[in-house]
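Subject: Structure handover

Hello,

Here is the structure I said I would pass on.

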Amino acid sequence: MAAGQSNAGAGGKVWRNARLATLSASLPGLGLVENGAIVAIDGRIVYAGLEADMPSAPAGAETIDCEGRWITPGLIDCHTHLVHAGNRANEFEMRLAGATYEEVAKAGGGIVSSVRALRAASEDELVAQSLPRLDALMAEGVTTVEIKSGYGLNHMHERMSLRAARRLGDLRPVRVVTTYLALHAFPANLPPMPGTAPYADKDAYVEAIVRNNIRAIAVEKLADAVDGFCEGIAFSPEQIARLFDKAKELGLPVKLHADQLSNLHGAALAARYGALSADHLEYADEDGAAAMAKAGTVATMLPGAYYFIRETKKPPVHLFRKHGVPMAVATDCNPGTSPLTSLLLTMNMAATLFGMTVEECLAGVTREAARALGLGAETGTLEAGKWADLAIWDVEAPAELVYRMGFNPLHARIWRGM
């Protein structure tokens, strides 16, 4: 059986002499437990708390002395475009030399270049190019990662992207959650699929996806959620609503790239559909924040994109705090606006650029990231019943995980008890 699909950690295992950041919502702050221990059976936590209160270990259980190290839940990157082909370093160089967005586009750059690169790759090549990015995340303690499609812009290549993402979860001991980014960009000036005519306009493109593509994706079980990009340069709220209506009809949860470059009230739109998350949100307003809080929609902060494209409008973290909107933090790993594969650095960016606290950053890559993927009952905290997905760190305090840059203090990464 492939590593990513196995029920690892069969039998019992005990991690003792540890300090725990449980992230349990029933405990204050990070849910810290000094002199702690974790017991897992068949890959699931059965106890996490004070070692003095630990129940008897299962017969034959392996015991690991953590020597006072900190244990957190395994990290979760809840927003990535990790499956893509090639890179756009040449565009980066052009922009540094003063080229405008339009000049880059005229030179064949922008999302079109990523689409062409992906369409030119085979599925095997796509997997091979994506594995190093996944490995980089895992090397920093990531045990769950969301991967979106969105660079195919036709049914054939969107399916290939999602299949490649599923294969990554078979090739590595990590949980891969797939998202069909059905409305990412309009494929203008790109050749249509063989035997089909070009789309007349965005509405015709949306109609084809809603009428045919999304159902086929659902039937094949290639996606765990559906996403769209609601923005002036992408798709309107009305077009996104058509997509979400169909997703809901098919029983697929929704997520939304919202309010990144302007306020089209994407946050409120996401909330209206009970979206798992709304992501970016630089231009979200108070009505949007209040609606998200009421709907339980997570606000996913993506500081890598903010940094890379030199944004100046920060997401309204203060409004999310005021209304009690849970905040996740993710890399947004993608070739054009956030070529980032370090969730540790992402936390530092969220703190330094957005003013998030250590507690918010660590919860954002564990408990709240799990919630943003609909996995809060399975992972994201150190509590009985959750998967034994752990990260063990050589640090004196959890704050170091947010404070340091370019330094990886991971001692061990545990996925499902192994």
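The notes below cover a pair of helices and then a cavity.

This is a predicted model, in which local features need pLDDT of at least 70 and side-chain atom pairs count only at pLDDT 80 or more, while totals for chains, interfaces and linings use all residues. Residues are numbered from 1 along each chain as its sequence is written, and side-chain values use heavy atoms, with hydrogens and water left out.

Helix pair. Helix α4 (residues 123-138) and helix α5 (residues 155-171) have axes that come within 9 Å and cross at roughly 50 degrees. Helices here are DSSP runs of H or I with at least four residues, and strands are runs of E with at least two. Axes are lines fitted to C-alpha atoms over the stretch in contact, with angles from 0 to 180 degrees between N-to-C directions. In α4, the residues E123, D124, L126, V127, S130, L131 and L134 meet M160, S161, R163, A164, R167, L168 and L171 of α5 (heavy atoms within 4.5 Å).

Cavity. Searching the whole structure gives one cavity of 30 Å³ or more (points on a 1 Å grid where a 1.4 Å probe fits but cannot get out; lining residues have an atom within 4 Å of a point). The largest cavity has a volume of about 50 Å³, and its lining includes H155, E158, Y180 and Y205. Elements giving two or more residues to that lining are α5, β8 (175-183) and α6 (202-220).

Regards

Key. On a 1 Å grid over the protein atoms alone, a cavity is a set of points where a 1.4 Å probe fits but cannot get out, and a pocket is an open set with protein on both sides within 12 Å along at least five of seven lines; lining residues have an atom within 4 Å of a point. Grid points are joined across faces, edges and corners, and a volume is the space filled by probe spheres set on the points.
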